[in-house]
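Work through the exercises below with the sequence and the structure at hand. Try each task before reading its solution.

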Amino acid sequence: MTAMPKWADITLIPLINLILAFVISGLVILAIGEDPLEALSVMIEGALGSSYGWGYTLYYATNFIFTGLAVAVAFHASLFNIGGEGQATLGGLGVALICLLIPWPHWTVALMAASVSAAAFGAFWSIIPAYLQAKRGSHIVITTIMFNFIAAALLNYVIVNMLRPKGAMDPATAKFPEATHLPSLGDILNSFGIPFAKGTPANVTLFVALAACVLVYFLIWRTRLGYQIRAFGKSQPAAIYAGINPVRITIICMMISGGLAGMMAINNVMGEAERLILGSVEGAGFIGIAVALMGRSHPVGIVLAALLFGFLSQGGAELSLWTSVPRELVTVIQALVILFTGALDGMVRAPVERVFLALSRDKSGTVRGPAE
Amino acid sequence: MDFLTILQILDSALRLATPLLFACLAGLFSERAGIFDIGLEGKMLGAAFFSAATAFTTGSVWLGLLAGIAASMVLSGIHGLASITFKGNQLISGVAINFLASGLTVLIGLSWFKLGGQTPALQGNARFSGIDLPFAEALSNVPVIGPIYAEVLSGHTFLVYLALLAVPLSWYVLFRTRFGLRLRAVGENPAAVDTAGVSVVHLRYAAIAIAGVLCGLAGAYLSTGLGASFVREMTAGRGFIALAALIFAKWRPWYALYATFLFGLLEAVSNRYPSLDLGAFTLPSQFMQALPYILTVVILAGFVGKAIPPRAGGQPYVKER
Amino acid sequence: MTAENGGQPGSAAPAIELKGISKAFGPVQANKDISIRVMPGTIHGIIGENGAGKSTLMSILYGFYKADSGEIYISGQKTTIPDSQAAIASGIGMVFQHFKLVENFTVLENVVLGAEDGAFLGPSLAKARRELTELAREYELNVDPDALIEEIGVGMQQRVEILKALYRKADILILDEPTGVLTPAEADHLFRILQGLKAQGKTIILITHKLREIMDVTDTVSVMRRGEMTATVQTSQTSPTELAELMVGRKVLLRVDKTAPNPGEKILDVTDLRVIDKKGVERLKGVSFNVRAGEILGIAGVAGNGQSELLNVLGGIQTATGAVRVNGNDIDLTGKFSDARSRRARSIAHVPEDRQREGLIMDFKAWENTAFGYDDDPEYQSGLLMDNSAIRADTEGKIGRFDVRPANGNLEAKSFSGGNQQKIVLAREIERNPDVLLVGQPTRGVDIGAIEFIHQQIVALRDQGKAILLVSVELEEILSLADRIAVIFDGHLMGERLPAETDEKELGLMMAGMTKETSNQEATA
């Protein structure tokens with residue numbers, strides 16, 4: 001029915017949405033008395049102008065790839081997982097326990113074990129909302145939000161009462177042992193003779209994230225499970241007709257989603273902080289929603305959108321350092337991206353579709369077809 | 001626990017229930033008209049900021065209240081635009097509104113007051129003060145009833161009494177007026193309303209506007225009645241608890257009162273006893289903080305009776321071909 | 001029933017006159033330059049296939065859509081109808097195919113909705129209650145004003161819709177496919193009501209695809225085809241064959257070409273099947289029957305009498321108690337193997353009643369839909385992944401053999417017409433070579449050209465010795481396709497008949513819950 005070509009749907013529309021979000025953010029910056037163009041140049045310089053900036057941008061992007069994939073996988077089953085924040089929090093606990101309790105010989109083994117543990121903890125945190133959605137029809141949006149709050153309280157209890165070293169004041173675990181420290185992106189690139197700033201948080205997890213993208217691509221578009229997830233997401237009655245078990249698909253899909261969100265912890269907890277700090281997810285779980293919407297729930301789109309939000313996060317930090325524009329600008333941009341790509345999509349889409357329709361009519365005259 | 005402590009907890013519960021009640025009724029009007037509203041949290045937050053900021057700047061809490069309502073209405077308008085006019089996803093729109101409010105309140109607050117996102121403390125006419133109900137003093141010596149009247153019911157701010165009044169008012173509007181009939185119909189079957197020659201769009205915008213006003217009252221109460229300044233993220237999930245209360249209340253005004261009072265009571269108890277000593281073991285403070293959310297999940301799981309939401313909830317109205 | 005030629009042209013202004021109405025939805029032209037005149041006090045039929053543009057035209061008249069061009073005259077006055085409010089003000093009432101009622105409101109509240117007097121409900125409801133009693137007396141439209149809509153039957157709900165229009169003082173009543181959900185007896189009652197309204201001077205437009213209704217009740221009839229009005233004639237001066245040809249644009253075969261059946265052994269054996277739905281209502285109340293190899297068993301009945309549940313149970317979508325045997329082996333009705341996938345493994349294929357909601361994923365491409373329900377087929381696997389090129393190749397073959405148009409497996413299911421969508425489903429299910437084929441409403445929303453093809457495919461499968469269970473609400477389809485007919489009413493099978501030994505009248509009585517015996521009793525009582 002639509003005359004809009006596919007390329008426009010996946011590139012033109014997100015681009016217009018993004019421009020709208022940027023223009024409005026620019027107006028906000030103007031309103032608080034700063035120069036938006038200068039702000040933009042500070043952000044670009046700070047996030048992309050040096051390998052140091054890139055080190056941070058890529059670090060943030062790694063987080064967002066995981067949480068973006070998490071939201072996207074659930075989207076394919078028409079499930080809206082707002083629980084990435086809580087699942088990543090639990091993933092952090094999984095990483096901390098693995099790193100603190102077991103003496104690892106080498107970071108490679110530790111990374112593998114921590115990945116499994118992070119995914120398992122994240123998946124575990126999504127089971128109850130998934131089960132309640134599938135079996136009792138409790139809205140997963142609300143339950144996952146509640147589980148974010150519960151996760152924060154749980155981690156608070158575990159860290160403060162159980163994992164905090166004696167005498168320490170700040171709510172955090174002890175530093176992880178040396179053998180679990182992951183090589184930074186600088187270390188890796190330098191060993192290949194590529195110059196890259198040391199001391200930035202981007203680390204080997206970036207490659208794990210990219211591998212996760214490839215795996216998610218194959219999962220969703222090339223496996224039977226992915227086929228069933230997509231079918232279920234498009235039409236539940238049809239899925240039941242085809243013999244796809246809705247409870248099974250909901251739970252499996254949410255566990256994969258929660259697992260991906262949990263795996264973010266190998267980046268921020270194991271790769272960056274090297275200990276578990278309360279509140280270390282810092283909203284990355286929510287940014288995953290914007291990333292998945294903008295990236296059209298496709299791994300390639302998610303990588304690009306994650307880079308964009310990585311840039312915004314690092315650029316925003318630089319901005320708050322050098323100007324009076326605070327980091328919360330990123331939250332505003334994130335909100336606007338979610339609004340335009342997710343909720344106000346029709347506002348942008350309808351006029352674009354009309355343009356394409358007019359173009360196709362000019363070419364071929366009126367198209368006739370069956371009505372009703 | 002003596003009688004006075006119980007009275008103090010009940011008094012505190014009533015205060016804490018008030019923002020929940022306003023927000024819950026806001027959700028009730030919105031969802032009865034078929035519009036899901038997870039943006040209650042954001043609207044409250046926006047209202048809380050703008051009422052505190054305006055009240056501080058002008059020195060008038062009433063102007064603050066109006067500004068809070070206006071801020072909440074603007075966010076409601078965005079939600080309406082997304083979910084009614086452009087037929088977008090109501091859940092996503094709500095999420096966006098929550099982030100928008102969360103980011104903008106800090107952004108504007110920082111540049112306005114330079115206090116790390118807070119507003120300065122409100123004093124005098126810039127905040128709501130308690131109203132002593134008539135005869136509170138005189139009756140306070142009457143056993144049982146007297147102290148309940150004087151300690152629990154009397155001495156609250158105007159907004160607390162307005163919230164209590166909003167309950168029967170909402171009931172009357174929904175179930176005894178033409179507008180209420182149409183509003184409930186549009187949440188059940190918008191096509192029936194449309195073919196009866198009534199505009200679905202107008203009705204839904206009206207519902208959303210009412211929700212905006214009520215959320216504005218909820219937010220204004222938080223920063224100018226319950227508290228005396230705006231603090232970052234001061235809603236702290238109350239919008240979601242109100243949503244849970246709405247489900248608990250099965251979308252009915254009187255039940256909304258009971259449900260929000262229960263949650264208010266829970267918060268009052270956990271404020272009073274950060275870690276609750278139950279003899280055999282002690283409930284840690286973190287558990288008490290998480291309790292409303294845990295309870296909400298239990299309610300959502302449907303173990304406390306099945307709640308049937310309005311049938312057209314969450315779906316944008318598209319004319320059938 | 002006497003159908004007089006209504007109104008003398010020229011003596012009065014037409015109740016409705018449309019001139020040159022056109023309407024497009026995106027690239028689809030739903031109505032093209034349509035003109036029509038309906039005289040007051042007449043019943044005017046509009047007939048056409050699914051998708052001919054009938055409903056669109058009436059929705060324009062009711063202010064649901066705005067026409068791209070054209071003019072509307074009501075009683076000779078040029079009018080614009082921007083919304084339903086304006087239509088109601090012009091005296092137009094409409095009874096939609098899918099009723100527009102609020103399920104958990106009372107009859108009274110539904111009637112009043114949108115036509116209240118004043119801001120408070122009390123007086124409005126009291127006034128409506130008085131008027132409803134009068135309308136009921138005048139037009140045989142009895143309903144309980146305090147009953148909830150969800151608790152009354154469809155026939156009653158339809159009366160509420162008519163009452164809604166009359167309460168709003170409608171002079172022109174449009175009914176869109178009003179008999180789809182009614183028993184023949186209920187339909188006759190409806191037509192009596194319509195005659196009564198006509199006698200009071202009301203103008204009625206009846207939209208239908210059933211030729212019999214047109215011949216029985218209308219004074220004049222217009223035929224629509226592919227968005228255009230092809231003819232308007234006096235009903236008394238035309239014939240069903242002529243109308244059918246005008247609808248389709250060529251000569252059509254109304255009967256299916258098939259040889260006598262050659263039934264073999266029992267393939268599907270159903271005993272005492274019972275289904276209780278989520279609300280606790282018993283939908284199937286002990287149904288028993290069997291289908292033999294090389295035989296089509298048709299289940300006739302008005303929609304909503306348990307036939308959907310029957311298909312769902314056999315297709316593995318719903319659980320039930322009782323026993324179902326296929327080739328002599330029991331199949332699981334409640335346990336782990338009661339799902340649709342297990343049914344397919346037992347060689348039961350299922351063409352569902354609602355292909356857009358169940359049979360296809362509308363957003364999936366045709367080739368992806370070929371694997372739907374059969375994604376575990378070893379032919380479609382390559383290691384851990386699905387072998388998409390194998391599925392594509394299989395789809396190409398199916399498209400060719402089932403004449404799917406356009407012949408492009410990369411198009412999404414939603415971009416095919418109803419008939420071609422059904423061919424995609426049929427190709428997928430029939431080519432599995434199942435022992436049992438369940439078919440629900442095979443030709444609903446399908447153009448006449450494709451109906452013949454679909455019927456031929458079903459008969460061909462029967463001739464290969466397969467057992468076929470056909471569920472259809474179209475009596476004509478059952479009579480022409482089935483080798484044996486069972487009638488379902490209120491969760492019971494009312495009895496079986498052979499097509500040659502029964503007729504629409506007898507089946508119609510059974511569909512209304514009466515057997516010959518009981519209806520004789522009633523006649524003598």
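**Exercise 1.** How many residues of chain C are in contact with chain A, and how many residues of chain A do they touch?

Solution. The model is a predicted one. Step 1: on the side of chain C, 35 residues take part, and they are in contact with 26 residues of chain A. Step 2: the elements of chain C that give two or more residues to this side are β2 (28-38), α1 (54-61), α10 (340-345), α11 (355-359) and β18 (385-386). Step 3: sorted by class, this side of chain C has 14 nonpolar, 13 polar and 8 charged residues.

**Exercise 2.** Describe how α3(A) and α13(A) pack.

Solution. Step 1: helix α13 of chain A covers residues 299-322, and its axis lies 7 Å from that of α3(A), at an angle of about 135°. Step 2: angles from 65 to 115 degrees count as roughly perpendicular and those over 145 as roughly antiparallel; the angle here therefore makes α3(A) oblique to α13(A). Step 3: the crossing is right-handed. Step 4: the residues of this contact comprise 16 nonpolar, 6 polar and no charged. Among them are A:Tyr56, A:Phe64 and A:Gly68 in α3(A), and A:Ile302, A:Phe309 and A:Gly310 in α13(A).

**Exercise 3.** Which residues touch the most other members of the largest nonpolar core?

Solution. Step 1: this core holds 380 residues, and B:Cys24 and B:Ala245 touch the most other members. Step 2: helix α3 (residues 51-76) of chain A supplies the largest share of the core, 16 residues. Step 3: leaving out residues up to four places away in sequence, B:Ala245 touches B:Leu20, B:Cys24, B:Ala256, B:Ala259, B:Thr260 and B:Phe263.

Notes. Residues numbered from 1 in each chain as written. Chains lettered and ligands numbered in written order. Predicted model: local features only at pLDDT ≥ 70, side-chain atom pairs only at ≥ 80, totals over all residues. Core = buried A, V, L, I, M, F, W, Y, C linked by C-beta atoms within 7 Å. Buried ≥ 20, exposed ≤ 12 C-beta atoms within 10 Å, placed from the backbone. Helix = DSSP H or I, 4+ residues; strand = E, 2+ residues; numbered from the N terminus. Contact = placed C-beta atoms within 7 Å. Axes fitted to C-alpha atoms, helices over the stretch in contact; angles between N-to-C directions. Parallel < 35°, antiparallel > 145°, perpendicular 65-115°, else oblique. Left-handed = near helix turned anticlockwise from the far one by under 90°. Nonpolar A, V, L, I, M, F, W, Y, C, P; charged D, E, K, R; others polar.
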